[in-house]
Amino acid sequence: RKSGAQPRDALLLTKPLGTGLALTAAQRGEAEPANVQAAIESMLRLNRHASHLAAQAGVHAMTDVTGFGLLGHAAEIARASSTRLVIDAAAVPELPGALSCAQAGVTTGGTHRNREGLAGRVSIDAEVPPEVEELLYDPQTSGGLLMALPEAAARAVAERLRADRLGGWVIGRVEEGSGVVARASAASKGDSPPARVEPSTS
């Protein structure tokens with residue numbers, strides 16, 4: 001359920017962001033074929049295995065990330081759990097080319113609606129680059145899972161997902177409070193996987 005996130009939980013994301021940007025760029029004829037293929041492969045990847053691992057690890061709260069974007073679905077968990085979710089913007093993974101699309105001015109109608117709908121519920125550091133902010137609001141098609149679970153469990157699930165050649169990124173934490181905050185600086189160090197995701201060579 002979306003309720004149940006607890007202060008000191010870690011936030012784990014299981015797919016990179018940017019399908020809205022990638023598909024919009026493709027419609028405009030502005031996307032690299034390899035980047036489009038990476039977005040398609042991400043959308044085709046099921047969340048079943050990740051959800052099973054989360055359940056085994058004692059996940060406290062979980063939702064899929066779809067049309068409301070990462071920030072919108074994070075806000076749902078925050079509200080349902082009466083907590084604040086803090087997103088480490090530097091740790092959020094992107095699909096190949098997504099940030100470049102945002103830098104080139106690609107955006108979606110869903111992104112604008114997400115911004116408007118989340119006004120007053122989301123705070124973003126001024127140091128977060130505009131293209132990263134665009135990624136955080138980007139509506140996803142068949143996105144991954146956002147889950148809150150104890151930090152040790154989150155890192156164990158992320159490690160297992162990477163071992164299984166799937167994605168797992170610790171992207172923030174749960175605190176006392178309300179709403180969602182996107183920070184510019186890295187909140188975690190050391191063993192976090194890279195924020196960028198390369199296209200598949202298969």
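Contact here means heavy atoms within 4.5 Å. The structure shown is a predicted model.

**View 1**
V180 touches L71, A74, A75, A78, L85, I87, R121, V122 and S123, leaving aside residues up to four places away in sequence. The largest nonpolar core has 37 residues, and L70, I87, I171 and V180 touch the most other members. Helix α4, residues 69-81, gives the most to this core: six residues. A second, separate core holds 14 residues, including L12, A54, M147 and V157. As background, nonpolar side chains in soluble globular proteins tend to be buried together.

T19 belongs to helix α1, residues 19-27. Its relative accessibility is 2%, so T19 counts as buried. A polar atom of the T19 side chain lies 2.9 Å from the backbone nitrogen of T141. T141 is also on the contact list of T19, along with M43, L95, D138, P139 and Q140. That list does not count residues up to four places away in sequence.

T24 lies in helix α1. With a relative accessible area of 15%, T24 is buried, because the cut-off for buried is under 20%. A polar atom of the T24 side chain lies 2.8 Å from the backbone oxygen of G20. Beyond four places in sequence, T24 touches V106, T107 and T108.

**View 1. Helices α6 and α7 cross at about 90 degrees.**
Two packed helices are described by the angle between their axes and the distance between the axes. Helix α6 (residues 109-117) and helix α7 (residues 130-137) pack at an angle of about 90 degrees, and their axes are 9 Å apart. That angle makes α6 roughly perpendicular to α7. On the α6 side, the contact has T111, N114 and R115. On the α7 side, E133, E134 and Y137 meet them. By class, this contact of α6 with α7 has one nonpolar, two polar and three charged residues.

**View 2. Helix α7 is largely enclosed by the rest of the structure.**
How many of the eight residues of α7 are buried? Six are, so the helix is largely enclosed. The buried residues in α7 are E131, V132, E134, L135, L136 and Y137. Two of these, E134 and Y137, are also in the contact with α6. What covers the buried residues of α7 includes helices α1, α4, α5 (98-103) and α6. Strands β4 (122-124) and β7 (180-183) are also among the covering elements.

**View 3. P93 and E94 lie in the loop between β3 and α5.**
P93 is in the loop between β3 (84-88) and α5. Its relative accessible area is 0%, so P93 is buried. E94 is in the loop between β3 and α5. Is E94 buried or exposed? At 5% relative accessibility, E94 counts as buried. The E94 side chain reaches the backbone nitrogen of L99 at 3.0 Å. A polar atom of that side chain also lies 3.4 Å from the backbone nitrogen of A98. E94 and A10 are 84 residues apart in sequence, and their C-alpha atoms are 19 Å apart in space.

**View 4. S82 and S142 have positive phi values.**
S82 is in the loop between α4 and β3. Phi of S82 is near 55 degrees, a positive value in a residue other than glycine. S82 is exposed, with a relative accessible area of 61%. S142 is in the loop between α7 and β5 (145-150). S142 is not a glycine, yet has a positive phi of about 50 degrees.

Definitions and conventions: Residues are numbered from 1 along each chain as its sequence is written. This is a predicted model: local features need pLDDT of at least 70, side-chain atom pairs count only at pLDDT 80 or more; totals for chains, interfaces and linings use all residues. Side-chain values use heavy atoms; hydrogens and water are left out. A nonpolar core is a set of buried Ala, Val, Leu, Ile, Met, Phe, Trp, Tyr and Cys residues joined through side-chain atoms within 4.5 Å. Buried means under 20% relative accessible area, exposed over 50%, partly exposed in between (1.4 Å probe, protein chains only). Helices (H or I, at least four residues) and strands (E, at least two) are DSSP runs, numbered from the N terminus. A polar contact is a pair of N or O atoms within 3.5 Å; within protein, one must be able to donate a hydrogen and the other to accept it, and residues adjacent in sequence count only if both atoms are side-chain atoms. Axes are lines fitted to C-alpha atoms, for helices over the stretch in contact, and angles run from 0 to 180 degrees between N-to-C directions. Angles under 35 degrees count as roughly parallel, over 145 as roughly antiparallel, 65 to 115 as roughly perpendicular and the rest as oblique. Ala, Val, Leu, Ile, Met, Phe, Trp, Tyr, Cys and Pro count as nonpolar, Asp, Glu, Lys and Arg as charged, and the others, Gly among them, as polar.
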